[in-house]
Amino acid sequence: MSPGSVALCLLLMQTGVYGFNIELDLEFIADFLFSKAANQKHEDITQRAILNTTLQACRALALADGKDFTFPSQPFTVESVAAACRAPKSSKRFHQTIKFIQRMNRLVDSSHTSDPEYHFDNERFAEGRRIITRGLEIIKASNKEMNFEAARERLGEITHPLQDFYTHSNWVELGNTLPNTNLIKSGTSIGNIAALSRATCRSCDGDDCTNNILEDIKQENILTSGYFGSSKPEGKCSHGGSFDKSKKIEPTGGINKDKMSAEHGHLHMEAANMAAAATSELLEDIRGAAGDKTFLQMMGISGKALCFVIDTTGSMSDDIAAVRTVTSSIINSKVGTEDEPSVYILVPFNDPDFGPLMRTTDPDKFKNAINSLSATGGGDLPEMSLSGLQLALTGAPPISEIFLFTDAAAKDSRLRSTVIALIERTKTVVNFMITGGGLFRRRRQIGNDQQQQQSRLSASELQLYRDLAQTSGGQSIEVTKSELPEAVSIITESSSSSLVTLLQAARTPGKAENFTFTVDESVKNLTLYITGTSVTFTLISPSGVSQQSTNMTGSLITASQTVGNFKTLKLKSEVGLWEMKMVSTNPYTLKVVGESSIDFLFDFLEASEGLFGGFDVIDHRPRAGSNGTLLLTVTGSTSATVTEVVLVESSGSGNVNGNVTAVGGGDYLVQFSRVPSEEFVVLMRGQNSDGSSRSSGTFQRQSTSSIKASTVTVTVDDTNRVFAPGETFSLPFSVKTSGAGGNFTIRATNDRGFTSTFPSSLVLDTGGSANGAVNLTAPVTTTSGTDVTLTIEAESPGGADTNYLVLRLAVLKTVTDFTEPMCELLSRQSNCTENCSLSTWTVSVQVTDGANGTGIDRVSLRQGNGTMNTSLAAGNENITLVSYTASCSSPIVELLVVDGVGNVGSCSYRSLSTKVVQSFLLCLGITILGLILPFEMGIN
């Protein structure tokens, strides 16, 4: 093995990546089913880099806390990494994060097929690097504002061109053995790029393209890439492959290394390993700028969010007091455990105000925010409850759980469809805590006097909350104010990071019906929730034992509580098929949950309109009445297999069974002959080989949120989606219907309250389409890194059919600081003796960001377990003074320094030497960690 190959191996020890393949197959399904193991994909390289960088962050945090850390065996999996990070309950969120980043990576091929800079084709090196560095700026700014979904989206987009550089350029052919670090650094040289007039290739010798790059290009270390399309400058290399017409133009052939069978496929693995190292380097830079805890939150290695949306009008003082009590109880019981919330979110609302959204990772700050709420005002009775909920849905992580507290109707019921769109898009559960039992008193402020005003929520007003709860998979709990503390305590304290849904149903009006659900061995804390009045039932266990609702002390129900319309039953954990016979003419909901590691994620797919065909994940409702394809991923188990996937109509009137095909890695493609026209949920059944028998190994899971198909679609062309404070961003969109035409109502809302303009309606012919545009203006005071969630809705004539598109836009100030912070050693003292543990050493460092920098934002320890203190220099706020003291048994310290825009620098010092090592190639430290390990072992 050459010295260069050894160097690459050392770097790759931290990635464990074996290569990647850029699939250009005609069918997305064929890509899953038939791609050869040797041909790795963008998805593979991205996941491996994420898993390894996540392990490094978890390891650093564990060592900083004085805890041991054990790396899992290779190959790493989502489950094994989550377990090693002491967060096995977060494996579903970790899965979802990786899938989303992979999806955004893959989407570049269909959205930017004809944009060579997104693939480093056509020698567009400067433009390609700008895409990466601009995206990196957005990621760092978004993480700083805790806008993790925006950061993930951009991460997926920039990893694609970064990885393409190594398979589409001649970087590998030039003999390079390490990644091109300057691809992620603005203002630096990428390399000696070929002039437009300079020839770079000769024609291939038949099918043999191994020597088609000209010798002088290699000798002079000239950087080039293949041209893709129908033409190219004279003498230039082509990309090659079945879709590239330029490969037939002299010089013929190509230089891509997309897969083993490509023109330069003999270098496929080298390009793959290089791209893997580059992706890890990018992630390390993001990790350094964010800090380990924030980086893990970005990756989904964290507990569920605790999110409260609270009415603060005059009559809510008792409710707020109950929330204060419950908040303290939750925090006190869960802090320090795996169920500790990853983020705390609070959104107050009244009328006419709502917000602002308060988001923090500090439980004490959240307690203080809750304690500072006061119940005042409240003119007319309806309040801005849906506006507050909209803000929470866009500010909380996906797959969150939100609790909304009110005793009034929604004044902004016009947002109903927007809220449903956000619920479906984020798969978030919303629980409504409604006090007063429908009849209550509100205090209305009139001058200095308070007037008692009696009101009742109408049936339609209550039904709005019930409908939203049902769509999300949550509860609409209606209690008196005195009952609220008990109800909140029940539903919040039973909320676990590993909660799964086995069955959920709602019947309006109520009717007698039998429901079944399967309990497997992994399910603990089996719980049944019922909302409704005058509901009777019979519960039958797998062993045939039955228990009536009139008897709450039988053998099947271990504990029960009833508060208002909300009944909770703790069930005996018996494995097998249970039956629930419900009898009621009144509306009711039924939900069976438990704690288990086994769950699933899913997305609907549609045929791609890109050059390469295949399928793309859709961001909107699937098309009603037509056939459908679903991509399903099992999480939390490597031994679970899916045997059945069913679309269950929420009314109970029918089911659609799918054809299930395993495609590896816990993924399944499910094809349906039709997608129901009415609201439905996804039901999955399968086998877990860890079970002791076939019966005990059978499991069942159901999606929480409901889905409604549509004959309407809303689409946008892929755009930059980034604008600066004070700018107006214009977003063209299209509305299409496969049904009847007419005058379609258009609504566009955003969660930041930015001024916007858009057409109120569009006229469509039957089966036709029409175009419009949303113009959105960001105030000049908008913080850089702010993300804006824009929801565009199209409603058919008469309002019977609606579809939507939810987009995230980023507001970013122009970045001019590209220089890493610098360290300067001021002093170092050591009294180290042979007894290291009883002696100490001290180092003092001056940290600056240059005359035109954005200033030092954060200094932290990357290595060392001593004590660090920082302060600003007297009379000069641009200088940060750092002092560090440690035991001589810890002779090395590495400081990580981050400036205001996320440029990262590091400096290392030793106790026994005057040598100072200053490095801004963060992955160098990773390389050193693996020096003594064989390549096959990866991290250890």
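**Exercise 1.** At what angle do helix α3 and helix α5 pack, and how far apart are their axes?

*Ground rules.* The model is predicted, so local features need pLDDT of at least 70 and side-chain atom pairs pLDDT 80 or more, while totals for chains, interfaces and linings use all residues. Residues are numbered from 1 along each chain as its sequence is written, and side-chain values use heavy atoms, leaving out hydrogens and water.

*Solution.* 
1. Take α3 as residues 42-64 and α5 as residues 91-111. Helices are DSSP runs (H or I, at least four residues), numbered from the N terminus.
2. The angle is about 140°, with the axes 9 Å apart. Axes are lines fitted to C-alpha atoms over the stretch in contact; angles run from 0 to 180 degrees between N-to-C directions.
3. That angle makes α3 oblique to α5. Under 35 degrees is roughly parallel, over 145 roughly antiparallel, 65 to 115 roughly perpendicular, and the rest oblique.

**Exercise 2.** Which residues of α5 and α7 meet?

*Solution.* 
1. Start with the geometry: the axes of α5 and α7 (residues 148-168) come within 7 Å and cross at roughly 50°.
2. That makes α5 oblique to α7.
3. Now list contacts (heavy atoms within 4.5 Å). From α5 come T97, F100, I101, M104, N105, V108 and D109. From α7 come E149, R152, E153, L155, G156, E157, T159, H160 and Q163.
4. Sort the residues of this α5 and α7 contact: five nonpolar, six polar and five charged. Ala, Val, Leu, Ile, Met, Phe, Trp, Tyr, Cys and Pro count as nonpolar, Asp, Glu, Lys and Arg as charged, and the others, Gly among them, as polar.

Note on methods:
Helices (H or I, at least four residues) and strands (E, at least two) are DSSP runs, numbered from the N terminus.
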